Amino acid sequence: VQLVESGGGLVQAGGSLRLSCAASGSTLSINAMGWYRRAPGKQRELVAGITSDGDVTNYADSVKGRFTISKDNAKNTMYLQMNSLKPEDTAVYYCNAYVVDYSDYSKYEFWGQGTQVTVSS
């Protein structure tokens, strides 16, 4: 599975951005996907996750009500709509795919290269 993020950039506080993550390769093997972020000097954290069918989502408390995760399976693309952005949302955002090989229940994770989001105050 290959993942390519896009859509990052510089925005003022209160503004919006939409991140995209295009998946290619063995996309039918993906069980769930998510967005993570790593801010300077901090550990990587889960921002939002979504199941392969898009029916179940979860969010970090810090982004609930402001961010929305979604998927377009026809395009093999996941999105993160980010509204009401705050300076503390500044980070590199990474796309993640979680795969289970049911032939032997091996688990794999795949990562994109990351996209920078900078929110100015």
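This briefing walks through some side-chain features of the structure above, grouped by topic. The structure is a predicted model, in which local features need pLDDT of at least 70, side-chain atom pairs count only at pLDDT 80 or more, and totals for chains, interfaces and linings use all residues. Residues are numbered from 1 along each chain as its sequence is written, and side-chain values use heavy atoms, with hydrogens and water left out. Look out for 1 disulfide, 4 salt bridges and 2 aromatic pairs.

**The disulfide**

- Cys 21 and Cys 95 are joined by a disulfide with an S to S distance of 1.9 Å; the term stands for a pair of cysteine sulfur atoms within 2.5 Å.
- Cys 21 belongs to strand β3 and Cys 95 to strand β9 (residues 91-101), so the link ties together parts that are 74 residues apart in sequence.
- Strands here are DSSP runs of E with at least two residues, numbered from the N terminus.
- The link of Cys 21 and Cys 95 is left-handed, with -70° about the S-S bond.
- Cys 21 is buried, at a relative accessible area of 0%, and Cys 95 is buried with a relative accessible area of 0%.
- Buried means under 20% relative accessible area, exposed means over 50%, and partly exposed is in between (1.4 Å probe, protein chains only).

**Aromatic pairs and a charge over the rings**

- Rings of Phe, Tyr and Trp (its six-membered ring) pair if their centres lie within 6.5 Å; planes under 30 degrees apart count as stacked, over 60 as edge-to-face and the rest as tilted.
- The structure holds 2 aromatic pairs.
- In the pair of Tyr 36 and Trp 111, the ring centres are 5.0 Å apart and the planes are at 65°, so this pair is edge-to-face.
- This pair links distant parts of the chain, with Tyr 36 in strand β4 (residues 30-38) and Trp 111 in strand β10 (residues 106-111), 75 residues apart.
- Tyr 36 counts as buried at 19% relative accessibility, whereas Trp 111 is partly exposed with a relative accessible area of 30%.
- Tyr 102 and Tyr 105 have ring centres 5.5 Å apart and planes at 90°, so their pair is edge-to-face.
- Both Tyr 102 and Tyr 105 are exposed.
- Arg 44 lies over the face of Tyr 36, at 5.8 Å from the ring centre, and over the face of Trp 111, at 4.1 Å from the ring centre.
- A charge sits over a ring if NZ of Lys or CZ of Arg is within 6 Å of the ring centre and within 35 degrees of the ring normal.

**Salt bridges**

- Side chains of opposite charge can pair when their charged atoms come close.
- A salt bridge is a side-chain nitrogen of Lys or Arg within 4 Å of a carboxyl oxygen of Asp or Glu.
- Asp 61 forms a salt bridge with Lys 64, their closest N and O atoms being 3.1 Å apart; Asp 61 is exposed, with a relative accessible area of 65%.
- Asp 89 and Arg 37 meet in a salt bridge at 3.0 Å, N to O.
- That pair links distant parts of the chain: Asp 89 is in the loop between β8 (77-82) and β9, while Arg 37 is in strand β4, 52 residues apart.
- Asp 89 also forms a salt bridge with Arg 66, where the closest N and O atoms are 2.7 Å apart.
- Here Arg 66 is in the loop between β6 (57-59) and β7 (67-72), 23 residues apart from Asp 89.
- Asp 89 counts as buried at 1% relative accessibility, Arg 66 counts as buried at 11%, and Arg 37 is buried.
- Salt bridges that share partners join Arg 37, Glu 45, Arg 66 and Asp 89 into one network.

**Thr 90**

- Thr 90 has its place in the loop between β8 and β9 and is buried, with a relative accessible area of 19%.
- A polar atom of the Thr 90 side chain lies 2.9 Å from the backbone oxygen of Pro 87.
- The backbone nitrogen of Val 119 lies 2.9 Å from a polar atom of the side chain of Thr 90.

**Leu 17**

- Leu 17 is found in strand β3 (residues 17-24) and counts as buried at 15% relative accessibility.
- Leaving aside neighbours within four places in sequence, Leu 17 is in contact (heavy atoms within 4.5 Å) with residues including Gly 7, Leu 80, Met 82 and Val 117.

Terms used:
Helix = DSSP H or I, 4+ residues; strand = E, 2+ residues; numbered from the N terminus. Polar contact = N/O pair within 3.5 Å; in protein donor to acceptor, adjacent residues only side chain to side chain.
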